[in-house]
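I opened the model today to look up a few things and kept these notes as I went.

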Amino acid sequence: MESTGPTRRAALLGAAGALAIGAVGGCTRNPAPDLPRIVIATGPRGAVYREIGGAVAALLDDRLPESEVVTVETGASHDNLILLEDGQAHLGLANLDSVLEFGAERSLISAVGRLYDSFVHLVVTADSPVWRLTDLEGLRVSVGTVNSGTEFTAEQLLDVTGVAPEVVRLNQADSAAALATGGIDAMFSLTGLPTPAITDLAGENDLRLVDLGDAADVMAAVHPEAYFPATIPATTYTGVPACPTMSIPNLLLCRDDLPEDLVHLVADTVYTGAARMAEQRPEAAQINVRTGISTGVTPLHPGAERWYRENKPASEGPGPAEDEPAAPAHAE
């Protein structure tokens with residue numbers, strides 16, 4: 001994977017600089033945290049992160065009429081982690097494997113909770129000669145944009161399996177356009193179900209998903225804390241059969257120094273508003289209090305931890321304040 005060098009970081013922070021509000025107070029119990037602007041780092045065009053991030057922003061905008069809630073379009077996971085760590089965003093989405101590689105334990109980042117699972121898509125046209133991962137050898141394959149979760153996961157997969165395609169880096173929408181015109185031979189996408197870019201592409205082109213079942217088993221054995229064998233259902237995309245692959249949990253992250261009551265409100269807004277979000281984004285139906293605490297090694301923010309303790313399902317035992325958060329659950 002290409003490292004996040006000074007040029008990339010400077011460009012990213014420069015793009016988000018106009019949205020920064022500076023340092024915020026520590027974890028307080030103010031009844032109404034007063035932040036004039038709340039910045040949410042989302043994702044690129046054609047990606048679910050951008051859609052879910054926008055839905056979260058809309059819900060928070062209703063709950064926080066005195067604050068301006070804005071979203072930042074990014075490359076996705078790694079970009080979002082950079083913005084959070086450097087204080088240019090307050091909330092952001094990231095895949096668990098990216099968080100683990102980034103090293104949340106060394107940063108100023110904690111979790112509001114787990115949201116939904118992303119699925120690895122390897123998309124080709126219906127007449128493609130690619131039927132398995134090894135068939136990508138030497139072909140032109142988009143692994144997502146720089147510093148995206150798709151890029152990180154795709155390169156992890158290629159490194160572990162030893163497959164060496166000709167890598168190009170395009171965002172979700174541009175990857176889909178290039179696949180349709182023959183500019184690339186295949187595209188990776190790590191995203192929720194369904195993802196807009198692939199939905200649109202399948203509506204106008206005959207597509208296939210490449211079976212990644214064997215690769216998923218390998219990745220789950222190498223990184224059991226992040227990767228889980230899964231299946232993309234046949235009902236996800238028009239004319240595209242079900243396909244074995246792997247899933248990765250997505251987390252909603254925040255700065256450690258956000259006020260406790262603000263993060264408590266964010267957790268309440270997201271988890272009580274999940275049904276409303278699911279009316280527009282089907283993957284939001286996965287958002288629930290039972291799996292919300294499953295954030296792996298990423299600690300919960302005290303405000304989120306308090307919300308889970310207050311709202312744990314009646315049939316369950318001690319909440320996250322008494323027990324350690326559970327390991328990430330498998331995709332359903």
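Predicted model: local features only at pLDDT ≥ 70, side-chain atom pairs only at ≥ 80, totals over all residues.

Residues are numbered from 1 along each chain as its sequence is written, and side-chain values use heavy atoms, with hydrogens and water left out.

I find R208 in strand β8, residues 207-209; helices (H or I, at least four residues) and strands (E, at least two) are DSSP runs, numbered from the N terminus. With a relative accessible area of 12%, R208 is buried, where buried means under 20%, exposed over 50% and partly exposed in between, with a 1.4 Å probe and protein chains only. Leaving aside residues up to four places away in sequence, I listed what R208 touches, namely L122, V123, V124, T125, A126, S128, V130 and W131, a contact being heavy atoms within 4.5 Å. R208 and S128 are 80 residues apart in sequence, yet their C-alpha atoms are 8.4 Å apart in space.

**Helix α7.** I then asked which elements the buried residues of α7 pack against. They pack against α2, β4 (109-125), α6 (172-181), β7 (186-191) and β8, and the residues concerned are P196, A197, I198, L201 and A202. In the loop between β7 and α7 I found P194, which is joined to L193 by a cis peptide bond with omega of about -10°.

**Strand β1.** Four of the five residues of β1 (residues 37-41) are buried, so I take this strand as largely enclosed by the rest of the structure. Five bridges join β1 to β2 (residues 68-72), and the two run parallel; strands pair if DSSP finds at least two bridges between them. From β1 the chain crosses through helix α2 (residues 48-63) to β2 in a right-handed β-α-β crossover, a term that applies if, with the strands pointing away from the viewer, the path from the first strand over the helix to the second runs clockwise. Two bridges also join β1 to β3 (residues 91-95), again in parallel. I40 has T71 of β2 as its bridge partner, and I40 also stands opposite L91 in β3.

In the loop between β2 and α3, A76 has a positive phi of about 115° although it is not a glycine, and A76 is buried at 8% relative accessible area. I also noted N147, in the loop between β5 (140-142) and α5 (149-161), where phi is near 70° and the relative accessible area is 1%, so N147 is buried.

**Cysteines.** How many disulfides does the count come to? I get zero, taking a disulfide as a pair of cysteine sulfur atoms within 2.5 Å. C243 is buried at 4% relative accessibility, and C254 is buried at 0%.
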